[in-house]
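Student: Got a model open here and want a quick walk through it. Can we take the chains and then the helices?

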Amino acid sequence: MSSTTDASAGRAQIAERTLRTDRWWFPPLRDAILLVLWVAYATVRAFQQDWYFTADQNYNYLTPFYSPCFSVGCVPEASHFGQFLPDWWFLPYAAITLPFLLLFRLTCYYYRKAYYRAFWLSPPACAVAEPHRTYTGETRFPLIAQNLHRYFFYAAVIISVINTYDVVVAFINKDGSFGLGLGNLILLANVILLWAYTISCHSCRNIVAGRLNHFSKHPLRYKAWTFVSKLNARHMELAWTTLASLAITDFYIMAVSAGWISDLRIVG
Amino acid sequence: MTASAATSEEIEHHTFDVVVIGAGGAGLRAAIEARLQGKRTAIITKSLFGKAHTVMAEGGCAAAMGNVNPNDNWKVHFADTMRGGKFLNNWRMAELHAKEAPDRVWELETYGALFDRTPDGKISQRNFGGHTYPRLAHVGDRTGLELIRTLQQKIVSLQQEDHAATGDYESYIKVFHETTITELFKTDGRISGCFGYFRPTGKFVRFDAPAIVLATGGVGKSYSVTSNSWEYTGDGHALALRAGATLINMEFLQFHPTGMVWPPSVKGILVTESVRGDGGVLRNSEGKRFMFDYIADVFKNLYATTEEEADRWYTDPDNNKRPPELLPRDEVARAINAEVKAGRGSPHGGVYLDVSTRLSPEQILKRLPSMYHQFKELADVDITKEPMEVGPTCHYVMGGIEVDPDTGMSVVPGLFAAGECSGGMHGSNRLGGNSLSDLLVFGRRCGLGAAQYVDGLDARPQVQEADVVTATERALLPFTTAAEGGENPFVVHQELQKTMHELVGIIRKADEMELALKKLEDIAVRARTVSVTGGRAFNPNWHLALDLRNMLLVSMCVAKAALERKESRGGHTRDDYPVMDPEWRKVLLVCSAEGEDNVRLERKEQVPMRPDLLDLFEMDELKKYFTGEELGGHRATAQEGAK
Amino acid sequence: MSYWARFRVWRGDSEKGELVDYPVEVNEGEVVLDVVHRLQQTEAPDLAVRWNCKAGKCGSCSMEINGRPRLACMTRMNTFAEDEVVTITPLRTFPVIRDLVTDVSFNYTKAREVPAFAPPPDLKPGEYRMQQVDVERSQEFRKCIECYLCQNTCHVVRDHEENKQHFAGPRYLMRIAELDMHPLDAADRKRAAQEEHGLGFCNITKCCTEVCPENIKITDNALIPLKERVVDRKYDPLIWLGNKIFKRGDVRAAKQ
């Protein structure tokens, strides 16, 4: 078991795996529950293949879970970039991008912390002994692949551009007129948050200028780095907020698309 | 564990060329130099490597590099230092210090130090009290930490070089952590080694070495309110005394006017001078800004006499006189002391220092971040809303081991001293920022001096076995007396601190100091018979029992010298002799040991300053400090030189 | 003003030990270290504890207070309820010497394994020119007071003694980051960080940052940037290709 309670190395002999008296178990438990709930919701929605686009209304709301909609099963107006994926029930309509988004978040330095603690219990909390006999961290396969984070970041940037395009398109009604509704505002807020989360990525911080040793010779990149660093300090908050904003955006569009509610229109 | 069982123990034995006692800035710089001279060097530290008191230095390291103001040079720095020390300084030390400090700072950069920078990429320098130009190289308010870490890492770097060459990291420099030296050995009048114990195990250790560098720091733990840590028990001072060396200037202690007084855990911890510089005002319990009552005549035309004028100074310093809160450290310390004694103190025995009335919370957070956090975290006081409670705290000892300025060797051949435990450099009062540069300049000189001394020896003095037995017995004495029911060393220590704090504190009177000397004699008897419980492994009360005799010996020097010097100068203030006397400038008080717990005091004439150095000052200024006789002689020499 | 607190202090050595209960007086404004000192002055004169500056600047009084790695001099008693039992133990990652004192030599060994600052060969003392913005990152890491709380709390070695040999720990990985970001350091440290000092063991669970009394953002500003620099060097084919094509493979260029 953990060396913490093992006296053979000459450590103080204390049987308890932690002497913490606070609710150290709460944050990992909370994170585990929230992550499981979110993944469950996202899985159901990704495979549902319905209520992802406001097909029956005059305006064009496409949920980010289905963007870009590459499947031949997509509503034609929802496919901004063509249709070529076969329409199989087990293949999400956005099957090209969803894996990259998943991997971007899976290899994200913040989410790694969250799930290593919440699911692997490695460690469950600081100064609480973990249950594993051995530990090699990210030194070997498969976890050494966490080092590929920056490639998923590149992909996430491209996907964020697509999401942004979707948001812009949503301002143009099907009859070509300008439209503005609550859905637009939600889509816009969501895409801003997605950009903030993407830009605040640690890999981005390194690429922008973190890898330089002479900021003074690259004033523009230094400025960008300062900005990214500020966002980076909020990476955890952004990670959770974007999970929420994605779910809310998707749910709103589902509700409007399914006709449970009607969009609150401001213009058109 | 009994004494008899222990005396038969095997004593660990090491042989080195140079042994450095103390691992603060001076000790580490000395060790680096000794190693660079090819000497096998031991570094002995009471704490862990890298924890020395040097980390507490905040302001910076004074060196006339002229990075911020190009007019600065060693001559200006020298003059500032002499002025600050009221011309009692050893002028040769002050000269070497001013000349060599820039090289020592630049050298740190090659070791990896990262000082704050000027816009053109040089080391930035800041203003500080007593320095004519911006002169202090700094890293925020943690310059001491940077210095100690840099030197520590340089030692590691040298060990890596040695490892590459010999396969052993410790072939040239070995660090002995948590090791206390209790005795120095001499053979035929020369240093031959030293003796001590490992704190974790309590086992004894003996070092045979022809040269020993003392770099043990100060003596603050003899006082009840101090900014010093437990290590500052005057070990180097006392070891030197017992080995036959001499101490000078021991009457000069610097009391910083503003230390924290509450909560008890942080009593004595410094509140930086910048608080007052940025607009902090001092008030007593009646809400009165009392400093206006304490402006001495000599300062009357330099400081504001009304609150209105003082307030205007912060925004318009050119047309108004500065507020009396910014009087020299000793003046402010005395005033606070007087207010508290008159019953107008704060609930915890200090006065109020308020910065919240003049600065906005944002300004305070920007200019005084560490002070804000210090009070927030330690005292639960929000200095943006409430006043701080402050009082004087024992900060630095100007006095120390009398050494040769160029080599750092004491009167005992083979015994060297650098840093706070050496004396002379700062005269009667040290300027802020001069201690870090002192450590570097004289640490290096001691390492060099020790190496050269070792090279010049025909044969190494051999440690006398009988001395080792005596040292062992003395170290175990507190266990022996345990059987006879002696006192708890903590109790005796507190008594010593109280005596020094109350009777040989900031303001001194003849009758009080006489009483203090009587009490110290009494404490000496009690200290000899303190007893300890428990074993030898990491036993704090045994450690204190042994440190106690060092503090006692040093305190006696302080008290005797303070009683003898019948004038007020720098860090020595006599209620009964309140003015500075040029006749006393020429006099150094030299302290030496008489037996285990008594000291002897002698007067010694100050060496006259070299004429070319005297010429750096205006005659009008010199007249304030020197006797006419001295200056008359100088003028004559100068005229002769002109012919 | 003052009250009697219940303290449980671990007493013992590497052979055996136990938590001993002490009732002890606590006064207003005190920190845990004051209470430990009071125990020394009253009931437990031989209670071993390491401390120096008592102002959070030297990093000596590291211990575990109610299971949390902390500096005793910076843990105020009013953060506990008066009836709360305060349990203090030595650091649990290092071998114990006695009572609250542990053998921290692991850290000194690791410090020695990190190659020192490599001064630029073409600059003499006094010729160093560095811009403030270029030294600020490394300066943050040099705030470290070496209390070893991060080394103690890191589960890589806390829970797995066998990893001590291969893992430098957060403090010394941060030291590598500090030197790698130093504008004038002439050595390349990225490959060694991963292959010799065990950067890959770090799973960025941030306990080092959580316990740092100097509030250094160890994970975000040192460890993750260092991981990214290693990726630059070891796992990024684009950069590898770029370096091949533009022949920028030499050390100095890679550090720009």
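The chat below goes through chain contacts, domains and helices of this predicted model.

Student: Which pair of chains has the most contacts among the two pairs that touch?
Tutor: Chains A and C. There, 51 residues of chain C are in contact with 45 residues of chain A.

Student: Which elements of chain C supply that side?
Tutor: Several give two or more residues. Among them are strand 1 (3–12), strand 4 (68–71), helix 3 (132–141) and helix 9 (218–235) of chain C. Helix 9 of chain C gives the most, with eight residues.

Student: And by class, what does the side of chain C that touches chain A have?
Tutor: It has 19 nonpolar, 16 polar and 16 charged residues.

Student: How many residues go into the contact between chains B and C?
Tutor: Chain B puts in 51 residues and chain C puts in 45. On chain B, helix 4 (91–111), helix 5 (143–166), helix 11 (369–379) and helix 16 (540–564) each supply at least two residues. The largest share, eight residues, comes from helix 5 of chain B. By class, the side of chain B that touches chain C has 23 nonpolar, 16 polar and 12 charged residues.

Student: How far apart are the closest C-alpha atoms of chains A and B?
Tutor: They lie 10 Å apart, and no contact joins chain A and chain B.

Student: New topic. What domains is chain B divided into?
Tutor: Domain 1 is 12–252 + 396–455, domain 2 is 264–393 and domain 3 is 611–642. The centres of domain 2 and domain 3 of chain B, taken over C-alpha atoms, are separated by 39 Å.

Student: At what angle do helix 2 and helix 12 of chain B pack?
Tutor: About 35°, with their axes 7 Å apart. Helix 2 covers residues 25–36 and helix 12 covers residues 434–455. Their crossing is right-handed.

Student: Which residues make the contact?
Tutor: From helix 2 of chain B, they include B:Gly25, B:Ala26, B:Gly27 and B:Ala30. From helix 12 of chain B, they include B:Leu436, B:Leu440, B:Gly443 and B:Gly447. By class, the residues of this contact divide into 13 nonpolar, four polar and three charged.

Student: Last one. Why should helix 1 of chain A span 33 Å?
Tutor: Because helix 1 of chain A (residues 26–48) has 23 residues, at 1.5 Å a residue. The end C-alpha atoms of helix 1 of chain A are 33 Å apart, which agrees.

Student: What phi does A:Gln49 take?
Tutor: A positive one, about 55°.

Note on methods. Residues numbered from 1 in each chain as written. Chains lettered and ligands numbered in written order. Predicted model: local features only at pLDDT ≥ 70, side-chain atom pairs only at ≥ 80, totals over all residues. Helix = DSSP H or I, 4+ residues; strand = E, 2+ residues; numbered from the N terminus. Expected span 1.5 Å × (residues − 1). Contact = placed C-beta atoms within 7 Å. Nonpolar A, V, L, I, M, F, W, Y, C, P; charged D, E, K, R; others polar. Domains from an automatic or database assignment. Axes fitted to C-alpha atoms, helices over the stretch in contact; angles between N-to-C directions. Left-handed = near helix turned anticlockwise from the far one by under 90°.
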